[in-house]
Structure formats: C-alpha cells, structure tokens
Amino acid sequence: MTDSLLPAAREILAKLIAFDTTSRNSNLELIAWVEDYLAEHGVASTRVVSADGSKANLYATVGPDVEGGIILSGHSDVVPVDGQNWHSDPWTVTEKDGLLHGRGTCDMKGFLALALAGVPLFKQGAKPVHLAFSYDEEVGCLGAPAMIEEMAAKLPQPALAIIGEPTMMKVITGHKGITVHEVEVLGHEAHSSLTHLGLSANMVAVELMHDLAELARGLWENADPASPFIPPHATLTIGRMEGGTAANILARRARFVFDLRCPPNDDPETILAPFKAKIAALDAEMKQAFPAAGVTVTQLSNAPPMTPKGSQEAEAFVRRLTGDNSPAGVVSYAAEAGQFQQSGFATVICGPGSIEQAHQPDEYLAVEQLERGARFMIRLAKELA
C-alpha cells in the first residue's frame with residue numbers, strides 16, 4: 001500500500017505547495033482544490049469562512065458518520081519568504097539529496113498531503129477520519145476556533161485529534177500557549193530641536209520596549225528548572241516595530257508587536273499586568289499634555305497551551321501507529337492542539353519533518369519522513385477498518 005499512497009502524497013504535496021498561502025494572502029484557491037479532490041472521491045466537505053470571506057477552514061468526514069473517528073488536522077497557511085535566500089523556487093517542490101524543498105513542505109503541507117492521499121483507504125473504514133484544515137495558524141491560531149466549535153457541535157464524537165505539526169513522527173503531548181499584542185503610541189509632532197513643544201511616540205515606544213526586554217530577562221532568570229520545555233520559561237519577543245517619518249521630526253506614531261509564549265502553569269495576564277498598568281498610567285499622563293496623544297495595547301490573539309491531561313489513550317493509540325516508544329515530549333511552539341483540547345477533544349501532536357526546518361529559507365521535508373508518514377496513514381486505515 002505504501003507504494004501507492006506515497007506517490008499520491010508527493011503529487012498532492014506539489015499541488016499544495018504551488019498555492020502561495022502566506023498568511024497575508026487568501027487560501028481559497030487551495031481550499032477549492034481540496035474540495036474538488038475530495039468530491040472526486042465521493043467525500044463531501046464543509047467550509048467555515050472567515051468574517052471577511054477571504055479565507056476558509058475546511059472539514060470533511062471520510063468514512064461512516066459514526067462515533068469513534070480520528071481527526072487529522074493541519075493549517076493551510078505558511079510564513080513569508082520575503083528577504084530569505086532561497087536556492088530554489090519556494091512555490092515548487094524541488095528534490096535534492098533526498099530532501100523536498102519548498103515553503104510549507106515541512107510546516108505543514110506534507111502532513112496535509114499524506115492525509116489527503118489516505119482518503120481512498122479511509123473510505124473503507126468502519127470508523128471515520130475527519131479532516132480539518134485551517135487558516136491563519138501562523139499569525140496566532142486565529143482561524144481554527146470557529147471550525148473546531150462547529151465540529152464539536154456537529155460531528156459524532158471523535159475518539160481523538162492528531163495535529164500534524166512537524167515532530168519527526170514522535171508523539172508530543174504538550175505545547176506552550178501564545179498571546180500576541182500590539183502596542184500603538186500616538187505622540188505630538190514638532191521640530192526635533194523643540195522637544196518641549198511636542199511628544200515623540202518613538203521615545204515612548206523605546207521606553208516600553210525596554211520594559212518588555214527587562215520582563216523577558218526576568219522570566220529567563222526565574223525559570224523553573226524542572227520545566228520540560230526548551231527554553232524552560234515563558235518567552236517574550238518583539239517581532240515588529242515601526243515609527244516616525246524623519247530624523248528631525250518628533251514622531252507622531254509608533255507601533256510594535258510582541259508575543260508571549262507561556263508554559264501551561266504560567267498565566268499571561270498575570271505576567272503582563274504590571275506592563276498594562278504602566279501603559280494605562282502613561283496614557284493618562286500623555287493625554288494631559290496633548291489630548292490626542294496616548295498609548296493603547298490590543299490583544300491580537302490568545303491560543304491556549306496543550307497539556308497531557310486526558311490524552312493518555314490518544315497517546316497510546318498514536319504510539320501503536322508510529323512505533324514510538326520514547327518518552328512523550330513537549331514543544332515550545334504554539335499550535336492549534338490546545339484549542340482542540342480546550343473544546344473537549346483528546347489531542348496529541350504528531351507529524352513528519354522537524355520544526356527546525358520550519359520558517360527557514362530552503363525549508364524541506366525529508367523523503368524518509370514522508371515515507372514514515374505514509375506508513376502511519378496506512379496503519380491508521382487498518383486500525384479503523
């Protein structure tokens with residue numbers, strides 16, 4: 001069976017990579033292709049569309065409409081290639097030395113391709129496979145919740161969910177949560193020689209970013225040595241910043257975005273409470289000098305962590321399929337697994353490829369990992385037969 005599933009997965013992977021589903025773009029062309037592919041195999045699918053209609057999740061039940069099925073889930077969006085030094089076309093799968101290069105081969109269209117290649121086998125099962133493909137995972141796990149909510153309400157109760165993030169086909173039972181915030185500072189423009197007549201948004205933003213850098217240092221210095229995560233502590237990084245119009249103008253506007261990634265026992269709101277209190281006080285102070293000035297902080301996303309709680313049977317099931325007898329691991333990246341778990345699904349992460357290759361120029365998925373993934377899908381089909 002591997003001989004038939006693997007070539008199909010490679011062909012599907014090439015199709016999926018050809019769609020530039022960078023998170024800033026629509027994913028609807030990819031979703032339409034998947035819908036057509038499933039329809040060719042007699043499988044109906046359901047879109048869960050974004051508020052503006054530009055993107056969609058997709059879920060489908062392959063096999064009988066009964067309880068006890070398995071969810072195979074992954075995100076369709078990828079990170080940008082801007083500024084990266086690629087040695088091949090990111091949107092074309094290029095094989096070299098046993099490695100399949102292309103944006104998303106590893107994270108995580110390789111898993112999607114394997115799940116789709118398994119559809120002809122899953123159709124024959126006594127228990128179903130539920131495919132769940134999301135959007136906007138890479139920008140804060142924004143797309144999946146609406147789909148998960150609908151699946152929880154409408155599907156016969158699945159036994160478990162497998163999120164196919166790259167783990168080298170090892171079983172993962174925990175990940176950090178992530179919250180993303182945007183801070184916007186509005187100052188008052190003036191000539192840069194007349195600082196008493198204005199208020200530089202950039203200078204305020206620098207002060208606030210310094211506070212976050214000190215907060216990040218404190219999290220590192222107070223790390224729990226018993227934590228299984230690497231790094232063991234909550235991490236805070238500033239991912240984007242912008243501000244000002246010229247060197248000799250007090251900046252009117254500055255903006256920066258930061259993310260905070262917390263292990264399950266750390267509460268992001270508690271960690272950020274002093275920072276948010278300072279922003280509130282600073283906002284009031286700035287408005288006294290210039291009513292239109294001020295500081296706002298906006299939460300852009302908040303995805304929960306995943307823990308091993310309630311997933312022991314799911315872990316044992318997936319281990320039977322992978323043959324993985326190593327201790328269950330945790331990962332420091334955030335994923336949609338915590339969202340599935342929060343909605344009542346027993347959940348684990350397991351997929352082909354290494355997270356170390358994700359988001360890199362010349363991202364790749366080793367052919368050997370695709371082969372292991374193909375064997376996994378075949379064993380899954382036999383378990384459900």
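Does methionine 169 count as buried or exposed, and at what relative accessibility? In this predicted model, methionine 169 counts as buried, at 4% relative accessibility, where buried means under 20% relative accessible area, exposed over 50%, and partly exposed in between (1.4 Å probe, protein chains only).

The model is predicted, and local features need pLDDT of at least 70, side-chain atom pairs count only at pLDDT 80 or more, and totals for chains, interfaces and linings use all residues. Residues are numbered from 1 along each chain as its sequence is written, and side-chain values use heavy atoms, with hydrogens and water left out.

Most residues other than glycine have a negative phi, and most peptide bonds are trans. Methionine 169 has a positive phi, near 60°, and is found in the loop between β7 (160-163) and β8 (172-175). Helices (H or I, at least four residues) and strands (E, at least two) are DSSP runs, numbered from the N terminus. Aspartate 136 likewise shows a positive phi near 60°; its place is the loop between β6 (129-134) and α5 (144-154). With 11% relative accessibility, aspartate 136 also counts as buried.

Turning to the peptide bonds, the one from aspartate 107 to methionine 108 is cis, with omega near -10°. Methionine 108 belongs to helix α3, which covers residues 105-117. A cis bond also joins isoleucine 230 to proline 231, this time with omega near -5°. Proline 231 sits in the loop between α6 (201-221) and β10 (235-243).
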